[in-house]
Amino acid sequence: MDEIIEIYKKQKLSGIIKQEDFLERVGEKVNQMGGLCDNRTAAMLVAHDLGAGDTGEGTGSEVHKVADIAPGTGNVRLIARVMTVFPAKEFNRNDGTIGRVANLIVADETGSIRLTLWDDKADLVKTGDISVGQTFQISGYVKEGYSGVEVNVGNNGVLCETDEKVEASVASTKISDIKNGMGDLNLRARVLDIADIRTFNRKDGSTGRVTNITVGDDTGKIRVTLWDEKTDLLSGLRINDSIEIINAYARENNFSQQVEVQVGNRTIVKKTDKEIAYSENFTPISDIIPGESYSIKGSVSGIGERRDFTRDDGTENSVSNIYVSDDTGRIRIALWGEHAGLIDEVDIDTEVEIIDAFSKSGFNDEIELSAGNRTRIVVL
DNA sequence: CCCCCCCC
């Protein structure tokens with residue numbers, strides 16, 4: 001209580017508010033923050049709310065925007081939403097005490113920045129009092145860290161949850177820059193294809209759900225894998241929607257050897273209004289070599305028959321074939337399953353786009369494309 | 001952590 005009164009005096013608040021009212025408001029603040037604020041922090045915040053100019057470290061009246069924070073900014077106050085929480089770590093100080101440190105990524109409408117929390121503030125991560133999606137009033141000091149400018153919040157800093165609504169904007173990675181192993185990945189992209197949801201059994205006996213979407217931006221496209229409850233997002237998605245994927249990670253798929261974006265527990269996927277440019281990269285037919293995925297564009301130059309067959313494993317399927325020609329050559333397309341019906345929709349000379357078909361050396365050692373369930377076909 | 005590249 002003494003320290004609250006000390007702040008009351010130090011901030012020369014007697015001309016603004018009665019001491020007892022100040023104490024009451026501090027109490028309200030503590031309750032409002034759900035126990036996340038101590039008395040001293042709450043007192044500084046109330047003082048700030050009352051327009052006090054110097055409430056200690058970083059609590060000057062100006063609220064900084066993330067984009068304005070530079071290495072020389074000094075103490076800052078910001079209001080930002082937690083985008084990522086990294087686990088807290090302990091370390092030994094030279095004086096024999098155990099220090100704690102934790103990192104967050106927070107964002108406001110101007111960008112995102114890393115917060116480094118020390119000791120008591122880092123403990124809030126350990127106790128689960130800080131999680132993705134919460135918005136905080138933050139006061140700390142700016143420092144150049146390992147991965148750029150960051151805000152350090154120590155014992156004199158402030159980290160208080162607030163109800164204030166903050167639009168979070170995070171720098172996005174271009175698809176062509178995505179590398180295996182990347183974390184903390186944010187993308188803005190256009191939905192190009194949406195697959196069905198599949199269920200599978202885990203080794204522990206539980207049932208999982210998984211699905212994929214293909215997304216593109218002006219630098220390329222990538223397969224996105226959504227797990228379990230994240231597959232529910234599909235019901236709200238349509239092809240050509242613009243989406244933001246926040247806090248995803250990139251992993252090479254053991255099966256395809258391609259890097260994919262993984263949408264896990266902590267990843268946020270949401271639609272945006274922003275138009276995202278994407279143009280399909282069509283390969284000239286004569287450049288196709290076996291063992292890759294390609295998109296081609298051309299005119300139908302041959303139409304075969306539909307055939308129903310039984311696979312070795314007993315499942316039924318259908319296949320039909322068309323030929324497609326462009327300026328550089330002609331190729332056979334095997335149309336599997338639902339694509340087999342395409343032969344009824346096209347005539348000779350119909351323009352088509354065959355997107356994401358897999359090339360292989362087929363019948364008579366000729367290169368052909370397989371249009372399977374990862375392939376999208378557009379009839380123009 | 002899951003999956004196709006199958007037919008004649």
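Biologist: Where does S318 sit?

Modeller: In this predicted model, S318 lies in strand β17, which covers residues 316-326.

Biologist: Is S318 buried or exposed?

Modeller: S318 is buried, because its relative accessible area is 10%, and the cut-off for buried is under 20%.

Biologist: And what does the side chain of S318 make a polar contact with?

Modeller: The partner is the side chain of R306, at 3.4 Å from the side chain of S318.

Biologist: OK, salt bridges next. How many salt bridges does the count come to?

Modeller: The count comes to 17 salt bridges. One of them pairs K65 with E109, where the closest N and O atoms are 3.1 Å apart. K65 lies in the loop between α3 (39-49) and β1 (75-85), while E109 lies in the loop between β3 (98-108) and β4 (111-118), so this pair ties together parts that are 44 residues apart in sequence.

Biologist: How accessible is K65, and how accessible is E109?

Modeller: K65 is partly exposed, with a relative accessible area of 33%, and E109 also counts as partly exposed, at 40% relative accessibility.

Biologist: Which residue does D232 meet in a salt bridge?

Modeller: The side chain of D232 meets that of R209, with 2.9 Å from N to O. D232 is in the loop between β11 and β12, whereas R209 is in strand β10 (residues 207-217), so the pair ties together parts that are 23 residues apart in sequence. D232 is partly exposed, with a relative accessible area of 44%, and R209 counts as partly exposed too, at 30% relative accessibility.

Biologist: What about K221, which residue does its side chain meet?

Modeller: The side chains of K221 and D356 meet in a salt bridge, at 2.6 Å from N to O. This pair links distant parts of the chain, with K221 in strand β11 and D356 in strand β19 (residues 351-361), 135 residues apart.

Biologist: Is D356 buried or exposed?

Modeller: D356 is buried, because its relative accessible area is 18%, whereas K221 is partly exposed, with a relative accessible area of 27%.

Biologist: Which residues do salt bridges that share partners join into one network?

Modeller: That network is made up of R93, R100, D119, D120 and D123.

Biologist: Switching to backbone angles, what is phi for N240?

Modeller: Phi of N240 is near 80°, a positive value in a residue other than glycine. As background, most residues other than glycine have a negative phi. N240 lies in the loop between β11 (220-227) and β12 (242-252), and at 47% relative accessibility it counts as partly exposed.

Biologist: And what is phi for Q257?

Modeller: Q257 has a positive phi of about 65°, although it is not a glycine. Q257 is found in the loop between β12 and β13 (259-263), and it counts as exposed, because its relative accessibility is 51% and the cut-off for exposed is over 50%.

Biologist: Last topic, the surface. Which residues form a negative patch?

Modeller: The negative surface patch is formed by D2, E3, E6 and D38. Of these, D2 lies in helix α1, which covers residues 2-10, and D2 counts as exposed because its relative accessibility is 65%.

Notes:
Residues are numbered from 1 along each chain as its sequence is written. Chains are lettered from A and ligands numbered from 1 in the order in which they are written. This is a predicted model: local features need pLDDT of at least 70, side-chain atom pairs count only at pLDDT 80 or more; totals for chains, interfaces and linings use all residues. Side-chain values use heavy atoms; hydrogens and water are left out. Patches are made of residues with over 30% relative accessible area and no salt bridge: like charges are joined within 9 Å, nonpolar side chains (Val, Leu, Ile, Met, Phe, Trp, Tyr) within 5 Å. Accessible areas come from the Shrake-Rupley method with a 1.4 Å probe; for residues, only the protein chains shown count as cover. A salt bridge is a side-chain nitrogen of Lys or Arg within 4 Å of a carboxyl oxygen of Asp or Glu. Lys and Arg count as positive and Asp and Glu as negative; His and the chain ends are not counted. The place of a charge is taken as NZ of Lys, CZ of Arg, CG of Asp or CD of Glu. Helices (H or I, at least four residues) and strands (E, at least two) are DSSP runs, numbered from the N terminus. Buried means under 20% relative accessible area, exposed over 50%, partly exposed in between (1.4 Å probe, protein chains only). A polar contact is a pair of N or O atoms within 3.5 Å; within protein, one must be able to donate a hydrogen and the other to accept it, and residues adjacent in sequence count only if both atoms are side-chain atoms.
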